[in-house]
Protein chains: 4
Amino acid sequence: MPNKRKIINDPVYGFITINNDLIFTILSHPFFQRLRRVHQMALAYLVYPGAVHTRLHHSLGAYHLMCNAVNELRAKGTQITEEEEIAVKAAILLHDTGHGPFSHALENQLINVPHENISLQIMQSMNKELNGQLNMAIDIFTNQYHKKFLHQLVSGQLDVDRMDYLTRDSFFSGVSEGVIGYDRILKMLTVHNGELMVEEKGIYSIEKFLVARRQMYWQVYLHKTVLAAEKILINILKRVRELHNNGDKNLITGTVTDYFLFEFNGKMNEAVLKKFCELDDIDFSFAVKKWCHHSDFVLSELCTRILNRELLKIKLQSEPFDEKIIHQKLIDAKVQLNIDDSLVSYFVFTGEAVNTLYRTEDERINILFKDNTVKDISTIDDPLIHQTISSPVKKFYICSIS
Amino acid sequence: MPNKRKIINDPVYGFITINNDLIFTILSHPFFQRLRRVHQMALAYLVYPGAVHTRLHHSLGAYHLMCNAVNELRAKGTQITEEEEIAVKAAILLHDTGHGPFSHALENQLINVPHENISLQIMQSMNKELNGQLNMAIDIFTNQYHKKFLHQLVSGQLDVDRMDYLTRDSFFSGVSEGVIGYDRILKMLTVHNGELMVEEKGIYSIEKFLVARRQMYWQVYLHKTVLAAEKILINILKRVRELHNNGDKNLITGTVTDYFLFEFNGKMNEAVLKKFCELDDIDFSFAVKKWCHHSDFVLSELCTRILNRELLKIKLQSEPFDEKIIHQKLIDAKVQLNIDDSLVSYFVFTGEAVNTLYRTEDERINILFKDNTVKDISTIDDPLIHQTISSPVKKFYICSIS
Amino acid sequence: MPNKRKIINDPVYGFITINNDLIFTILSHPFFQRLRRVHQMALAYLVYPGAVHTRLHHSLGAYHLMCNAVNELRAKGTQITEEEEIAVKAAILLHDTGHGPFSHALENQLINVPHENISLQIMQSMNKELNGQLNMAIDIFTNQYHKKFLHQLVSGQLDVDRMDYLTRDSFFSGVSEGVIGYDRILKMLTVHNGELMVEEKGIYSIEKFLVARRQMYWQVYLHKTVLAAEKILINILKRVRELHNNGDKNLITGTVTDYFLFEFNGKMNEAVLKKFCELDDIDFSFAVKKWCHHSDFVLSELCTRILNRELLKIKLQSEPFDEKIIHQKLIDAKVQLNIDDSLVSYFVFTGEAVNTLYRTEDERINILFKDNTVKDISTIDDPLIHQTISSPVKKFYICSIS
Amino acid sequence: MPNKRKIINDPVYGFITINNDLIFTILSHPFFQRLRRVHQMALAYLVYPGAVHTRLHHSLGAYHLMCNAVNELRAKGTQITEEEEIAVKAAILLHDTGHGPFSHALENQLINVPHENISLQIMQSMNKELNGQLNMAIDIFTNQYHKKFLHQLVSGQLDVDRMDYLTRDSFFSGVSEGVIGYDRILKMLTVHNGELMVEEKGIYSIEKFLVARRQMYWQVYLHKTVLAAEKILINILKRVRELHNNGDKNLITGTVTDYFLFEFNGKMNEAVLKKFCELDDIDFSFAVKKWCHHSDFVLSELCTRILNRELLKIKLQSEPFDEKIIHQKLIDAKVQLNIDDSLVSYFVFTGEAVNTLYRTEDERINILFKDNTVKDISTIDDPLIHQTISSPVKKFYICSIS
C-alpha cells in the first residue's frame with residue numbers, strides 16, 4: 001500500500017510535498033500542531049508587520065529543504081537509505097517542538113531549560129507512542145548516529161534550520177538584505193569523509209549566507225525596537241513574579257502558564273512535559289491583555305505598552321552610555337511616571353546586544369577543493385571573509401520613556 | 001514644521017511610506033493597533049500555513065495602494081486636494097477596524113452587527129478625540145462626499161480594499177492563481193463624470209482580476225477544509241450559548257468575550273464600543289483552549305478538534321446530498337461518538353456555499369472607451385466575461401466525522 | 001563512471017540541472033546552440049523590452065519542467081524507465097530546433113515548412129551522428145512510442161512546452177496576467193489508461209492556465225503593435241522577392257538567407273537542412289540593416305521603420321473596417337509618401353487576428369475524477385470554462401501610416 | 001496641453017511611466033533605439049542564458065530609478081525644479097548611448113574612445129537637433145551644474161546607473177547573490193551641503209550593495225567562462241587586423257564595422273559619430289558568423305568557437321601560473337591544432353582579472369549621521385566594511401585548448 005501524498009502551499013518555496021505515513025503522523029500530532037500557536041519571530045511583528053509566521057511553518061520549510069538536500073546528496077553518490085531519509089526528515093520536523101511562547105525572547109526567563117533539551121524530551125515521548133519509530137531520528141538529532149553529516153544537516157553551521165529561518169524570516173519581514181541563495185547552497189553541499197562540506201565553487205554563496213545572517217541580526221533580530229519590546233516582556237515576567245512573591249493573588253491566568261510562572265523548579269518530567277505542550281503564545285498574550293487591567297501600575301503600564309505598541313524609547317550605540325545620561329533619564333522617568341527608585345528600573349535600563357558572524361572555535365563551514373583538500377571558510381585567502389567573521393560585534397542600548 | 005516620515009517594510013509591496021501626522025496618529029491609536037490581533041483570513045491558516053497575516057497588515061497595504069491611486073489619478077489631471085488625500089487615506093486605514101475576532105467566520109454569529117457599521121462608529125469615536133479631523137474621512141466612507149470616486153476607491157467593485165486583500169491573501173497563502181495585476185489596474189484607473197472607471201486598455205486586467213477573485217473563493221476562502229473549520233467554530237459558539245442558557249456557569253473566560261457571548265443585545269453604544277475594542281482573536285482562541293477541558297463532551301470535542309486540527313470530514317459537490325447518505329453518516333456518528341440524536345447535528349450537517357463572480361445588479365465596473373462612451377464590463381462583447389460573470393455558483397457540502 | 005553534473009542559472013526556475021552525458025552532447029551541439037540566436041518572441045521586444053529571451057532558453061526551461069514532470073509521475077507510481085526518461089528529455093530539448101529566424105512571424109513566409117517537420121529532420125540528422133541514441137526520442141516526438149503520455153508531455157494541450165513558454169514569456173515581458181501555476185499543474189498530472197490527465201483537484205489550475213493563455217494572446221502575442229511590426233517584416237520579405245523577380249541584384253546579403261529568399265523550393269534534404277542550420281535572427285537582422293540603405297523606397301522605408309521602431313499605426317476592433325476609412329487611409333498614404341497605387345498596399349492594409357482558447361475538436365485536457373471517470377474540461381459543469389473556451393475570438397486590424 | 005503618458009512593462013520594476021514630451025522624443029530617437037541592439041552584458045549569456053537584456057532596457061530602468069530618486073529627495077525637502085527633473089532624467093537615459101558593440105568586452109579594442117566621451121558627443125549632437133533642450137542635461141552629465149547631487153545621481157558610487165545594472169543583471173542572470181535593496185537605498189538617500197548622501201540607518205543597505213557588487217564581479221562579470229569568451233572575441237579582432245595588415249581582402253563585412261576595424265584613427269567628429277550610431281551587436285555578430293568560413297585557420301577557428309560555444313578552457317587562481325604549465329599547454333596546442341609558434345598565442349595565453357570593492361581614493365559614499373556629521377563608509381567602525389573594501393582582489397587566469 002503506497003503512502004498518502006499531500007502538497008502544502010508555501011509562499012516561500014511553492015509547494016511542500018508530504019509522502020510518508022510516519023511524516024503524516026508527526027504533522028498531525030498535537031505536539032507538532034502546537035507550533036502553529038508559537039510565533040517564529042516573537043515580537044518582531046511590532047516592527048515588521050508581516051513577520052507573524054509560526055514555528056510550524058518554519059519546521060515545514062526546514063523539512064522541505066531537507067527533502068532537497070537528501071536528493072542533491074544522493075545525486076552526487078552519497079548513500080542515504082530510505083530509513084535514514086525518513087529519520088532525518090522526522091528529526092528536522094521536530095527540532096523546534098521544544099520552543100515555548102515568545103522564545104527566544106522568553107527562553108531563559110519563563111522556562112530556563114534550553115529548547116533543544118525539551119525538543120529531545122518531546123521526541124522521546126512521541127517515540128514511546130510510536131513504538132520506537134523515532135529511534136533513528138533521535139540518534140541523528142543527538143549526534144549519536146554514525147553518519148555525522150545527517151546530524152550536520154539538522155544542526156550545524158549550514159543546517160537546513162538556518163537556511164530556512166533566514167530565508168523565511170527575510171521573506172515575511174520583507175527585508176531583502178537577508179535573502180540567501182538557499183537553492184544554490186543546497187546544490188553545493190557534498191559529503192567528504194562522512195562530513196558535510198561545500199564545494200569550492202560554492203564559496204561566494206557561503207559568503208553571501210554569512211553576510212545575510214549578519215544583516216538579519218542587526219536589521220531584524222536585534223532591531224532596536226524589537227529589542228525594546230522584548231525587554232518589556234522580560235520586565236513583565238519579572239514584575240509578575242515579584243508581585244507573586246509579595247503575595248499578590250490576582251495574577252492567576254487560569255492556564256498552565258501559572259505553573260511555569262510560579263511553580264516550575266526547572267526539572268522536567270513527563271507531567272511537566274505534558275503541561276509544557278499546552279503552553280503557547282495565546283496563553284501569554286492573554287495574560288498580558290488581562291494584566292493591562294491589574295492594579296499594580298508597573299505591571300499594567302508595561303502590559304499596556306506592549307499591547308498598544310507604545311514601547312520604550314531605545315538608543316543603540318557602539319560605546320557604553322554615559323552615566324550622566326542614564327541618571328538624567330532615571331530622574332525624568334521617576335517624575336513623569338510618579339514612581340519611586342525601586343520601580344524606575346522597569347522603565348529605564350541599559351544592556352548589551354552582541355552578534356558574532358562566525359565562531360571559529362566551535363562550528364565550522366568546511367570547503368572541499370577540487371584537489372580534495374579541505375579548508376575552513378575563515379582560513380581561505382579572501383579579504384572579505386577571513387578578517388571579519390570571527391570577531392563579535394557588541395552594541396550598547398539604553399531604554400527609557402522619553 | 002514638516003511631517004515625520006517613516007517607512008514600513010512590507011513583503012508584498014516593498015515599502016510603505018507614512019508621511020503625515022494625522023496618519024501617524026491613526027496608526028498609533030489602540031483601535032488601529034488592535035487589528036494586529038485579528039487574523040485577516042480567520043482559520044484559513046489551517047490549510048495554508050502562511051495565511052497568518054493580520055487585518056492591520058491588510059489595512060496598511062490598502063493604504064499603500066490608495067497612495068498610488070491618488071498619485072495616478074492626479075497625474076491624469078483629476079483634482080484631489082491635500083485635505084481629500086489625507087481623508088481618503090484615513091478612511092481606508094480605518095475601514096476594517098470594525099472587524100471582530102475570526103470574522104468573517106464569526107461575523108454574524110458573535111456580534112451580528114455588520115462590521116462596516118462598527119467601523120463607522122469607531123471612526124466617529126476617534127473623530128471626537130481628534131476634534132473633527134476625521135470629518136471628511138467619515139463623509140467619504142459613508143458616501144456623503146460630493147466626489148463619489150473617493151468613496152469608490154474605499155468601497156466599490158474595484159476599491160483598493162479588494163485589490164489589497166486579493167493580492168495579500170494570495171501572497172501569504174501561496175496560491176499563485178489569485179495574483180492580480182494591481183499595479184496595472186491602478187495605472188488604468190481614471191475619473192469620468194465624477195466616477196471611478198477603467199480605461200479601455202485595462203479590460204484584460206479587469207478580466208484577470210475577476211477570474212483571480214473567483215479562484216481565490218473556490219481555492220481558499222471556500223476551500224472545503226477551511227469551511228469545515230469555520231463550521232466547527234460556529235458550532236462551538238452555538239453550543240456555548242446553549243449550555244449557558246441551560247445554566248452552565250463554567251463557560252466564563254474572564255474577558256469581554258463573555259459580554260458578547262452572553263449579554264450583548266445587538267445595540268451598540270459608547271460603552272459597548274469600548275468593550276468591542278478590547279476584543280480580538282486572542283480572547284476567543286484562549287476560550288477555545290480553555291473549553292478543551294470543559295466537562296461537556298460536545299464542547300470539549302469541538303474545541304479539541306479545532307486546536308489540534310482534527311477537523312470534520314467534508315465533501316463538496318454541485319448537487320444536494322442524498323438523504324440516505326446523510327442519514328447513514330448521522331447513524332455512524334451517533335455510534336462512534338456515543339451521543340444521542342439531539343447532539344449529533346453538531347458533528348454531521350449539510351449546507352451550501354455560494355459565490356457570484358460579479359453582481360450586475362448592484363455594483364459595476366465601468367470601462368471608459370477612447371470615444372468617451374462608458375460600458376459596464378459585463379456588457380462588453382467578449383466571450384469570457386459577459387456570459388459567465390453574473391451567474392452565481394452554488395456548491396453543497398456535508399460535514400461528518402468519517 | 002558517473003555522468004557529469006552541471007547546474008545552469010535560470011531567473012525563472014532558479015537552477016536547471018544537467019546530469020546525463022547524452023543531454024550534455026545535445027546541449028553542446030551546434031544545432032542546439034543555434035537557438036541562442038533565435039528570439040523566442042520574435043519582435044515582441046519592440047513593445048516589451050524585456051522579451052529578448054531565446055529559443056535556447058525556452059528549450060532549457062521546458063527540459064527542466066520535463067524533469068519535474070517525470071519525478072512527479074514516478075512518485076505516483078507511473079513506470080518510466082531511465083531510457084525513457086532520457087529520451088523524453090532529449091525530445092523536448094530538440095522540439096524547437098526547427099524554428100527559423102523570427103518565427104512565428106516569418107514561419108510560413110521565409111521557409112514554408114512547418115517547424116515541427118524541420119525539428120524532426122534535425123533530430124534524425126543528429127541521430128545518425130549519435131549512432132541511434134535518439135531513436136526513442138524520435139519515436140516519442142512522432143507519437144510512435146507505445147506510452148502515449150510521453151508524447152503528450154512533449155506535445156499536447158498541457159505539454160511542458162506550453163507551460164514553459166507561457167511562464168517564460170510572461171516573466172520576461174513582465175505581463176503578470178500570463179503567470180500560470182506551472183508547479184501546481186505538474187503536481188496534478190497523472191497517467192490513466194496510458195494517457196496524461198489532470199487530477200480533479202487541479203481543475204482550477206487548468207482554468208487559470210487557459211485564461212492566462214488567452215490573456216497572453218491578446219496582451220502580448222497579438223498585441224497590436226507587435227502585429228504591426230510583424231506585418232512590416234512580412235512586407236519586407238514580399239518586397240525583396242518582388243524586387244528580386246524584377247532583376248534587382250543589390251539584395252544579396254552574403255549569407256544562407258539568400259538561398260531561402262531566392263532559391264529554396266520548399267523541398268528539404270540534407271544539403272538544405274545544413275543551410276537551414278546556419279540561419280538565425282542575426283542574418284535577417286543584418287539584412288534589414290543593410291536594406292535600410294537600398295535604393296528602393298518601399299524596401300528602405302519598411303526596413304528603417306523596423307530598425308528605428310517607427311512602426312505603422314494600427315487599429316484593432318471586433319468589426320471589419322469600413323471601406324471608406326480604408327480608402328481614405330490609402331489616399332493619405334499615397335500623398336504623404338508620394339507613391340503610386342501599386343505600392344501603397346505595403347503601408348496601408350487590413351487583416352484579421354484570431355485566437356481560440358481551447359479547440360474541442362482536436363486536443364483535449366482530460367480530468368480524472370476520484371471515482372475514475374474521465375471528462376474533458378470543456379464538458380465540466382462550471383460556468384466559466386464550458387461556455388466560453390471553444391469559440392474563437394476574431395479581431396480585425398488596419399495598418400496605415402497615420 | 002498635457003504631456004502624453006505611457007507605461008512600459010518591465011519584469012524588474014513592474015511598470016515604467018513616461019509622461020513628458022522631451023523624454024518621449026529621446027526614447028524615439030534612433031540613437032536611443034540603437035541600444036536595443038547592444039547587449040547589456042556582452043557575452044555573459046554564454047554562461048547565463050537569461051542575460052540577453054539590452055542597454056536600452058537598462059537605460060529605461062535607470063530612468064525609472066531616477067524618477068523614484070527625485071520623488072524621494074523632494075519628499076525630504078530637497079529643491080528640484082521641474083526643468084532639473086527632466087534634465088537629470090534625460091541625462092540618465094542618454095548616459096550609455098556611447099556604448100559600442102559587445103562593450104565592455106570590446107570597449108578599448110574596437111573603438112578605443114571611452115564610452116562616456118561618445119555618449120557626450122551623442123548628447124551634443126541630439127541637442128543641436130533639439131535646439132538646446134538638452135543643455136541642462138549635458139551640464140549635469142559633465143558635472144558643470146551647480147547642484148552636484150544631480151550629477152552624483154547620474155554618475156557616482158551610488159548612482160542609479162549602478163543600482164539598475166546590479167539589479168537588472170542579477171535579475172536576468174538569475175544570480176540571487178547580486179540582489180540589492182535598491183528601493184531601500186533610494187529611500188535612504190538625502191542631500192546635505194549640496195551632495196548626495198545616505199542616512200545613517202541606511203548603512204546596512206550600503207554594506208549589502210557593496211557585497212552584492214563584489215559577488216556580481218566574481219560570479220558573473222569576471223566569471224571564468226565569460227572571461228574566456230571575451231578573450232576569444234578580442235583575439236578575433238586582433239587576428240582580423242593582423243590579416244588585414246597583411247593584405248587580406250576577404251575580411252570586409254559590408255557595414256560600418258569595416259570602418260572601425262580598418263580605418264578609424266581614434267578621432268571622433270560628426271561624420272564618425274554618424275557611423276558609430278549605425279554600429280551594433282548585429283554587425284559584429286554577423287561578421288563573426290561570416291568569418292567562420294574564412295580561409296585563415298586561426299580566424300575561422302576562433303569564430304566557430306564563439307558561435308558554437310566551444311570556448312577555450314580557462315583556469316583562475318590567486319597565484320600566477322607556473323611557467324612550466326604554460327609551456328606545456330603551448331606545446332599541446334601546437335600539436336593538436338597543427339599550428340606554429342607565432343599563432344599558438346591566440347589559443348594559449350595568461351592574464352589577470354582585478355576587482356576592487358570600493359576605491360577610497362576617488363569616489364566616496366558619505367553617510368549622514370543624525371548629529372549632522374558626515375563620514376565616508378570606509379571609515380565607520382564596523383568590522384565587515386572598513387577592513388576589506390579598499391583592497392583590490394587580483395586573480396590570474398590561463399586560457400588553453402585542453
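Tutor: A residue is buried if 20 or more other C-beta atoms lie within 10 Å of its own. Keep in mind that this is a predicted model.

Student: OK, which residues are buried in helix 4 of chain A?

Tutor: Ile86(A), Ala87(A), Val88(A), Lys89(A), Ala90(A), Ala91(A), Ile92(A), Leu93(A) and Leu94(A) are buried there.

Student: What span should helix 4 of chain A have?

Tutor: The helix has 13 residues, 82-94, and at 1.5 Å a residue it should span 18 Å. Its end C-alpha atoms are 19 Å apart, which agrees.

Student: New topic. Where does Lys290(C) lie?

Tutor: Lys290(C) lies in helix 15 of chain C, residues 281-291. It counts as partly exposed because it has 19 C-beta neighbours inside 10 Å.

Student: And what is Lys290(C) in contact with, leaving aside neighbours within four places in sequence?

Tutor: Thr253(C) and Gly254(D).

Student: How is chain C laid on chain D?

Tutor: By a turn of 180° and a shift of 0.0 Å along the axis, with an RMSD of 0.0 Å. The two copies are thus related as by a two-fold rotation axis. The same surface serves both: 100% of the contact residues of chain C recur in chain D.

Student: Last one. At what angle do helix 12 and helix 16 of chain D pack?

Tutor: At about 150°, with their axes 9 Å apart. Among the residues making the contact are Ile232(D) of helix 12 and Leu302(D) of helix 16.

Key:
Residues are numbered from 1 along each chain as its sequence is written. Chains are lettered from A and ligands numbered from 1 in the order in which they are written. This is a predicted model: local features need pLDDT of at least 70, side-chain atom pairs count only at pLDDT 80 or more; totals for chains, interfaces and linings use all residues. Helices (H or I, at least four residues) and strands (E, at least two) are DSSP runs, numbered from the N terminus. The expected span of a helix is 1.5 Å times one less than its number of residues. A residue is buried if 20 or more other C-beta atoms lie within 10 Å of its own, exposed if 12 or fewer, and partly exposed in between; C-beta atoms are placed from the backbone. Copies are superposed by least squares on the C-alpha atoms of residues with pLDDT of at least 70 in both. Two residues are in contact if their C-beta atoms, placed from the backbone, lie within 7 Å. Axes are lines fitted to C-alpha atoms, for helices over the stretch in contact, and angles run from 0 to 180 degrees between N-to-C directions.
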